[in-house]
Amino acid sequence: MPSAMKMAAVKAAVCIAAVTVVSLVHVVAATDYIVGSPTGGWQGKTDYKSWASAQTFLPGDTLTFKYNTNHNVLEVTAGDYEACSTANPVIIDNSGTTTIALTAPGKRYFICGGPGHCQNGMKLEVEVADRPAPTAPSSPPQLPPAPTPPSPVPRTGSPAPAPAAEPPRHAGHKRHKKRHSPPPAAPTVDPAEAYFPLATVAPMSSPAASLPMSSDSAAALHAQWGYAALGLVALWFAVLAI
């Protein structure tokens, strides 16, 4: 199916990319050490023990011996290294440039097979250390916890007393109060004499019983009405003057 083929192609591409990355990491991490550099070489004039102790050899690194035709390179066992024996070499090379791959942790031993050269110090012991495991990515720093809000401080004072409840009223309380409340005051009415000072106004209330009017009473009533008319006329002229 096309989808299955596409998935297989993607997996193959991922695998190739992973192998390429691993190879690049290996190439970048590996180091090639030229024996005796930078001041010397594989010629018998270098303190190889001091030179080796100043280096850090890891799996994947390489050693390169450069020498002339008077010398060669033999890899030997620890016993043959101490005895400077060339009888049973593990590796022997006299090409002038010998490269040794350091593939695993441990000690490796090399000597020169020329007569008397190993006895004169042309020997090298190399200790390959374990390559440190890749460190896991550090976790991101954790944020400090959010500050908790301060708890409310309880009040030490006693709470204010609640208002006293009013005593219940009886059903007939309002009616009793209304029955005994004083009557509203009657509106004050200014007397007519305040507006008509010259007239004498008779009371508005009707007499209790009609009495026969005498001639003197009629004359007096006519005189009062005359004075009232004169007062109205005088008031009119006063208003006009204002």
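**Rings, a pocket and a helix**

Modeller: Ring pairs link Trp42, Tyr48, Phe65 and Phe110 into a cluster. Please keep in mind while we talk that this is a predicted model.

Colleague: Okay, and how many aromatic pairs turn up in the whole structure?

Modeller: A search of the whole structure gives six aromatic pairs. One of them joins Trp51 and Phe57, whose ring centres are 6.1 Å apart with the planes at 50°, so this pair is tilted.

Colleague: Is Trp51 buried or exposed? And what about Phe57, buried or exposed?

Modeller: Trp51 has a relative accessibility of 8%, and it counts as buried because that value is under the 20% cut-off. Phe57, at 2% relative accessibility, counts as buried too.

Colleague: What sort of pair do Tyr81 and Tyr109 form?

Modeller: Tyr81 and Tyr109 form a tilted pair, with 5.2 Å from centre to centre and 45° between the planes. This pair links distant parts of the chain, since Tyr81 belongs to helix H3 (residues 78-83) and Tyr109 to strand S6 (residues 106-111), and the two are 28 residues apart. Both Tyr81 and Tyr109 are buried.

Colleague: Which charged end sits over the ring of Tyr81?

Modeller: That is the charged end of Lys123, which sits over the Tyr81 ring at 4.3 Å from its centre.

Colleague: Let's switch to that, then. What is the volume of the second largest pocket?

Modeller: The second largest pocket has a volume of about 200 Å³.

Colleague: Which element gives the largest share of the lining?

Modeller: The largest share of the lining comes from S7, with five residues. If you sort the lining of this pocket by residue type, you find five nonpolar, two polar and five charged residues.

Colleague: Last topic: which residues does UniProt list as a transmembrane region?

Modeller: UniProt, in an unreviewed entry, lists residues 224-241 under that name.

Definitions and conventions
Residues numbered from 1 in each chain as written. Predicted model: local features only at pLDDT ≥ 70, side-chain atom pairs only at ≥ 80, totals over all residues. Heavy atoms only, no water. 1 Å grid on protein atoms, 1.4 Å probe; cavity = no way out; pocket = protein on both sides within 12 Å on 5 of 7 lines; lining within 4 Å. Points joined across faces, edges and corners; volume = space filled by probe spheres on them. Helix = DSSP H or I, 4+ residues; strand = E, 2+ residues; numbered from the N terminus. Nonpolar A, V, L, I, M, F, W, Y, C, P; charged D, E, K, R; others polar. Phe/Tyr/Trp six-rings, centres within 6.5 Å; stacked < 30°, edge-to-face > 60°. Buried < 20%, exposed > 50% of the residue type's maximum accessible area, 1.4 Å probe, protein only. Lys NZ or Arg CZ within 6 Å of the ring centre and 35° of its normal. UniProt positions renumbered as here; feature names shortened; annotations may be inferred.
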